[in-house]
Structures are given as C-alpha cells and as structure tokens.
Amino acid sequence: MNSSFDFDWEAAFQSIPHLLAGIPYTLLISFAGLAIGFVIGMIFGLLRLSRAPWLRWPAVAYIEIFRGTPVLVQVLFIFYGLPQILGGPIPALAAGIAAIAVNSGAYISEIVRGGVQSIERGQREAGLSLGLSRSQTFRYIIWPQGFRRMIPALGNQGIISIKDTSLFAVIGVGELVRQGQIYIATTFRALEVYLMVAILYLAITLTLSLLLRLLERKGLVGQ
Amino acid sequence: MSERTDKDGAPIVRMEKLNKHFGTLHVLKDVDLEVTPGEVVVIIGASGSGKSTLIRCINGLEEFQKGKLEVDGKRLEPHGKASKALQQIRTEVGMVFQQFNLFPHLSVRDNVTLAPRKVRGASRAEARETADRLLERVGIANQADKYPGQLSGGQQQRVALARALAMEPRLMLFDEPTSALDPEMIGEVLDAMRELAREGMTMVIVTHEMSFAREVADRVIYIHEGEIVEEGPPEAVFDNPQRERTRSFLSRVLTH
C-alpha cells in the first residue's frame, strides 16, 4: 500500500462529468424544498405571531419538532416510515424535497417571525391611523420591510439546506454526493472525488452568497 | 387644504368619563373632552401625564376600559373591540407622530399616495396629483422621489403631515410633533401646523411648545396624572391659572 501522497489530477478531472450529473438533483431538491419551506415558513411564522393560542400553539409545536430533530432522521422517516402508513412507496426525490421543505420551513418560520417582529410598532400605527386595514397595513408596510430584513437569514438557511441535501445519498437520490460515491466505487479515488464534490458544493453556495450580497445591496436602497 | 364647511356645530370628538388603565396604572381618569369643528385644542402636561394616551384613544391606537367616546358621529367601543366604525374613524382622522413613522421603504411621494389609493380607491394619477400639491404646500415638492431616510427630521415630519392630509381628514391629531426634532427644525414644522390651523382645520395637539400653544390654541387643556386639571382659552390658562398644579407646571416649563 502506497501511503505517500499521490493526488491524481487526472482522476479528479475525469470525475467531474459524472459528478455534474448529480447537480440537477441537488439543485432541484434544494430549491423546490426551500420554495415550499418558504411558504410553510410564512404561514407558520405568522401563526406563531398570532395572539390566539389555538393558532399559535400548533405553530410552536411544528417549529420545535422539526427544528429539534435531525434532517437525516426526518428524511429516513419520510422515505422508510411514511410508506407504512400510506401503503405505498414514496419516490426518493419527493422524500428529499419534503424533508428540506419541512425542515427549512421550521427555521424559516422563526426567520419570518423575527423579521416581522423587528418592525417598529410605529409603522403599524401609522398604517392603521391612515385608515388602512390590518391586512393592508401588513401587506404594504410591515411585510415589505420585514422581508428585507429576513434576506440575510433566508440566504443562510438556503445555504444550510443545500448542504443538507448531501445527506440524501443514503436514500439513493442521485445527487452530488451519491454520484461521487458511485464513481468512487469504480475508481477507488476517494480523495480526488470528494475534493471535487466539495468544490462543486462550494461553487453552488458561493454563487448563492454572491447573489444574496447583490440583493442585499439592492434592498438597502431607501432604508 | 379643505374648505370644508360643517353643516352643524356638532362636536367631532365627544368623550365622556373616559377611563384607561395600563395594568394597575390608572392612566386616564374620568376624562371629558369635546372638540368642535374648526377648533384647535392644545393639550399640555408633564411626561407621563396621559396626554399622548388621551389623543391616541381618539383614533383607537389605545383602547379604553370605561366611558363613552364618539368621533365624527361614530361610537368607539371600550376594550378596543375592532369595529367597522374604528376604521371609518381612522380614515377621517389624521395623525402626526413624534417619531414621524414614515414608511422607509417607500419614496416620499408613495408615502403620501399609499392610503388615498388603497383606502379611498384613488387612481395613481389622482393620488399623485394630490400628493405633489400637498408636498408643495409643506415645502418639499422637490424631494418627492427621495426616500424618508434621505431627509432631515423637519422635512420628514412635514412629509408625515402631507401624508395625513392626503386623506382629507376632518380632524388632525398631533402627538408631540416637534419633540424628536433638532431645535433648528422645530420652526418649519410649527409653521406648517400654524398654516393648517389658519385654514380652519380641526386640530388636537399634544405639545411642549408653550409659545406655539398660546398662539394657535382656541383652548388649552392641562392634564396631570390622567386628569384634566384646568382648561380654557390660552390667555386664561397661561396668564391666570386657577389651580395650584397648573401654576407649578407652568412655572417649570415657562422658565426655559
């Protein structure tokens, strides 16, 4: 066994086309999951702010449960557990999207709550005193300002969720890590392939960071 | 801006034995207040006397627990029960806040057009025309495309005034409109208010600006620990206060 350092650049580069096949899955799971997660987060974040306990309580329970359990356990539960209840299999891709949705949804609920709560009381009072209804005040005054403040935290959550999709190799979704494992099984170049996998994740997350920075800069106008 | 003539002299605000508590604190005690159309009422008193709370009850930003309150002929219920009447009252009653409370994400013009468009259903063009006319009036026509954060405090407060006036209110409430301003900007805001008073707007003003109060008020109300201690024409209250509490308050605020 040769223990000296022998990084094989050729093997690294040759792995790239194979790995790229995983990127559409990684992106699909991430963005579909996050889109649904955002809708969930908006709904539960606002319910969490409700003064009525019967609205607030279910939101608290949802947030605590999905924030307090690992996303890996959640996806295993959905993929292997839920079919026993539903009586039929769930496609791995759908299970991955669902796991990202419910998991990011819990975190986004808290982001939404924090963003909305951060808007000074005077904004609401100004809206109401002009004769706007409560929902108009929310829609035109509170939400646009709150959303701007949520952007950095939402970006953070996006990056976390993208990385979380790597766990879904265990249920056989053909995403980035899974493609890497498959390729390593035939080439035994773990060092090179996992390095390339890491670089591809970094490429995705850095792109997102960059987009967010642009958005934040744009969002700052008029603040 | 409106040369509205009121058909009758019926009070626009009628408050009877109003009581408000913040928890165990009794903030307003049996307050009676009537404001007739065209009248300028100035409320003075120390910090924490309840004067801001009092005018915030008029447009339902604060709820009260006991008593009667009618604004613009519509009844406000105790305990802040949201009602149709409350929103109607708010469309007819404008308010200017100590902290301006402009909408920082909207341009100056959009701050002024938002409510007329969404509440009154004005078209974008109509609302814009009204906004530009009002901004011109308060002396900030050339800043309409800027954002509130780019304006000075005095300019922001004048935008806030234009924003409230755009709804063509029948009554304007001012909650310490100059208290958050740098001294050199107080004058421009008071000037705009003075002009509004001259045009016959009904106004209820909470302020610490005593000389302004003396000048514009038809009636001055001194409130202490949630009770109206003294009220009357400014000359009477300022020059010949009847109550010891009023005298000691005035001696403290008029010395500086």
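Which pattern does chain A follow, read along the sequence? The answer is α-α-α-α-α-α-α-α-α. This is a predicted model, in which local features need pLDDT of at least 70, side-chain atom pairs count only at pLDDT 80 or more, and totals for chains, interfaces and linings use all residues. Residues are numbered from 1 along each chain as its sequence is written, chains are lettered from A and ligands numbered from 1 in the order written, and side-chain values use heavy atoms, without hydrogens and water.

**View 1. The helices of chain A.** The C-alpha atoms fill a box of roughly 75 × 50 × 25 Å along the principal axes.

**View 2. The largest nonpolar core.** Among its 50 residues, Ile43(B), Ile58(B) and Leu69(B) touch the most other members. Helix α7 of chain A (residues 134-164) gives the most to this core, with six residues. Apart from it lies another core of 48 residues, including Val112(B) and Ile140(B). A nonpolar core joins buried Ala, Val, Leu, Ile, Met, Phe, Trp, Tyr and Cys residues through side-chain atoms within 4.5 Å, where buried means under 20% relative accessible area (1.4 Å probe, protein chains only).

**View 3. Around Leu69(B).** Leaving aside residues up to four places away in sequence, Leu69(B) touches Val13(B), Met15(B), Phe64(B) and Lys74(B), among others; a contact means heavy atoms within 4.5 Å.

**View 4. Burial in chain A.** Of its 223 residues, 46% count as buried.

How values were computed
Helices (H or I, at least four residues) and strands (E, at least two) are DSSP runs, numbered from the N terminus.
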